[in-house]
Amino acid sequence: MTVWLLGDQLNPTATPLHSADHVLMIEAHGFAERMPYHPQKLTLVFSAMRHARDALRDDGYEVTYVEAESFGAGLDRYFEANPGDALVLQRPASHGAGERLREMVEERGGDCTLVDNDGFLTTPAEWDEWADADGRSGSTYRQEHWYRHVRRETGILMDGNDPVGGEWNYDDENRETPPDDWSPPGIPEFEPDEITREVHAFVAERYDDHWGSFDLDDFVWPVTREQALHALEHFVETRLPEFGPYQDAMVEGEWALDHSLLSPAINLGLLGPREVVDAVVDAYYDDETAAPLNSVEGFVRQVIGWREFMRHAYRESMPAMGEANQLDQTRDLPEAYWTGETNMVCLSEAVGHVRDHGYAHHIERLMVLANFALVYGADPHELNRWFHLGFVDAFHWVTTPNVVGMGTFATDALSSKPYAASGNYVNKMSDYCSGCRYYHTKTTGEGACPFNALYWDFLKENEETLRGTGRMGLMYSHVDGKDDEEWAAIQERAAEVREMGADGTL
Ligand code: FAD
């Protein structure tokens, strides 16, 4: 039996491999030009694929590895040599991809059976059962309900029928910012080997107009299963203890903080979600002081709650989610998203992290990059494209629900209110504002933080849609408290900020 492994299906123990002797992998170079993906993303995927190929061969599989312009051209070559072959493919997570690939195989006289994707902890059938029973609240799926359901079903961090420690959620302990003299533990280093260097040179030559750092010194991502396991172990030993408390913090000059940086490895299949969660939970049972519950639960929730939830909610909401724009936001992204050049320290830091590493941590993604685009009125699909091409861990199935659903409220399928905030939030959770040219305390006039006028203007512009949505009452009571003179000043400043955004002088 032949298993066709895609570049994000590199788990060496995936179920279909158990009964296979032959593996097909296609490295499609033209496919990588569909959008200008970050050079590090391309280096990561191609290098990880080549390392997986070699590891599978070492394990005794026969591997046909095709370098081609497209999947079509790769399949042409494969079926010329293996006419009528039957392939087994894990259903790709991105919408419609499974059917498209199956048709391509059938057009070439082959057969393609789609099976469950091993890169997730829960199956579509499990989600359907939950969604039919108690998944929906109005038109919206609730992550918290799903998360509790998965904990109960799997027994992860459970004490009989109750959550370990008595609470489902320790978020109130997880909103600290580190002291001034704090610096985060280091991240693991992986010396690029010959394969990675060769791929990197190819990427630098072929995709030389793509956005993002081509400097191999900035490339920190594990490309083999061994490296990914080492990264997991390193995270559990060094950064997990502070992961919880500093999960939402932002510190100037620090891009990784205590985050796990494991999303690229998990999304490529180099690590399985269950083994990642088990490693963290085991650390808690081994020593609660070295792996405190607020950190452990916080991390577990990200993986079995958010990651699984986003995958299924995306499946359910596509293709509508791919075009949703309930707030009718159509402005171009500010220039600073491409140049990183802005006087706003928060935006300059976050964009810089993406350019240099293809990564920004969750709160930068949500509360700086997406939040700013949201209140600015940027087109959510242009923002989605920016995230998709800019991040090493980006795939349509995960970027789209996070950007279109969570970050920009272009659909209400995932949350009942937008994650919109003013400069106040950034000031509370970071040290960015103290050195910023803009004043986070000022809403209008010269030097006022761009977030502030945009925030109020956004609420006013979208009043019709937002006022009635859940949990917006308090915000609209502040909107109602402003007089005409204040609104005129807010609108003037918001227009000025949008002009600066467009002409690159923000
Ligand atoms: P940690 O903070 O250490 O979290 C642990 C793990 O939890 C992550 O590795 C990831 O596997 C999982 N996780 C946490 N939150 C989410 C979530 N909302 N959705 C899916 N998985 C989650 N994640 C991606 O994998 N790819 C993306 O393209 C992506 N785009 C995003 C865009 C926006 C606007 C937002 C708000 C979030 C996005 N996320 C995305 C989710 C999350 O920000 C990243 O998974 C996380 O920052 C990755 O870094 P980490 O591994 O250090 O995560």
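The radius of gyration (taken over C-alpha atoms) is 23 Å for this protein of 506 residues. A compact globule with that number of residues would have a value near 23 Å, so the two agree. The globule rule is 2.2 Å times the number of residues to the power 0.38. Along its principal axes, the C-alpha trace spans about 75 × 55 × 45 Å.

The model is predicted: local features need pLDDT of at least 70, side-chain atom pairs count only at pLDDT 80 or more, and totals for chains, interfaces and linings use all residues. Residue numbers start from 1 along each chain as its sequence is written.

The protein holds 20 helices and 9 strands. Both are DSSP runs, numbered from the N terminus: helices are H or I with at least four residues, and strands are E with at least two. The protein is divided into domain 1 (2-115), domain 2 (124-206 + 214-317) and domain 3 (336-503). These bounds come from an automatic or database domain assignment.

The C-alpha centres of domain 1 and domain 2 lie 27 Å apart. Their contact takes 19 residues from domain 1 and 20 residues from domain 2. Here, two residues are in contact if their C-beta atoms, placed from the backbone, lie within 7 Å. On the domain 1 side, 10 residues are nonpolar, 7 are polar and 2 are charged. Ala, Val, Leu, Ile, Met, Phe, Trp, Tyr, Cys and Pro count as nonpolar; Asp, Glu, Lys and Arg count as charged; the others, Gly among them, count as polar.

Now to the strands. Strand S2 (residues 22-28) pairs with strand S3 (residues 62-68) in the parallel sense, over 7 bridges. Two strands pair if DSSP finds at least two bridges between them. Ala28 stands opposite Ala68 in S3. With helix H1 (residues 39-58), S2 and S3 make a right-handed β-α-β unit. Right-handed means that, with the strands pointing away from the viewer, the path from the first strand over the helix to the second runs clockwise.

Strand S4 (residues 86-90) and strand S5 (residues 111-115) also run parallel, joined by 5 bridges. The chain crosses from S4 through helix H3 (residues 97-107) to S5, and this β-α-β crossover is right-handed. Ala86 stands opposite Asp111 in S5.

Next comes the ligand. It has 28 residues around it, of which His259, Ser260, Ser263, Gln302 and Arg307 come nearest. A residue counts as near if its C-beta atom, placed from the backbone, lies within 6 Å of the molecule. The shell has 15 nonpolar, 10 polar and 3 charged residues. Domain 2 and domain 3 each give at least three residues to the shell. Helix H8 (263-268), helix H10 (293-317), helix H13 (362-376) and helix H15 (396-407) each supply at least two.

Two backbone details remain. Most residues other than glycine have a negative phi, and most peptide bonds are trans. Leu261 has a positive phi, near 55 degrees. Leu261 sits in the loop between helix H7 (225-243) and H8. The peptide bond from Met318 to Pro319 is cis, with omega near 5 degrees. Pro319 lies in the loop between H10 and helix H11 (336-339).
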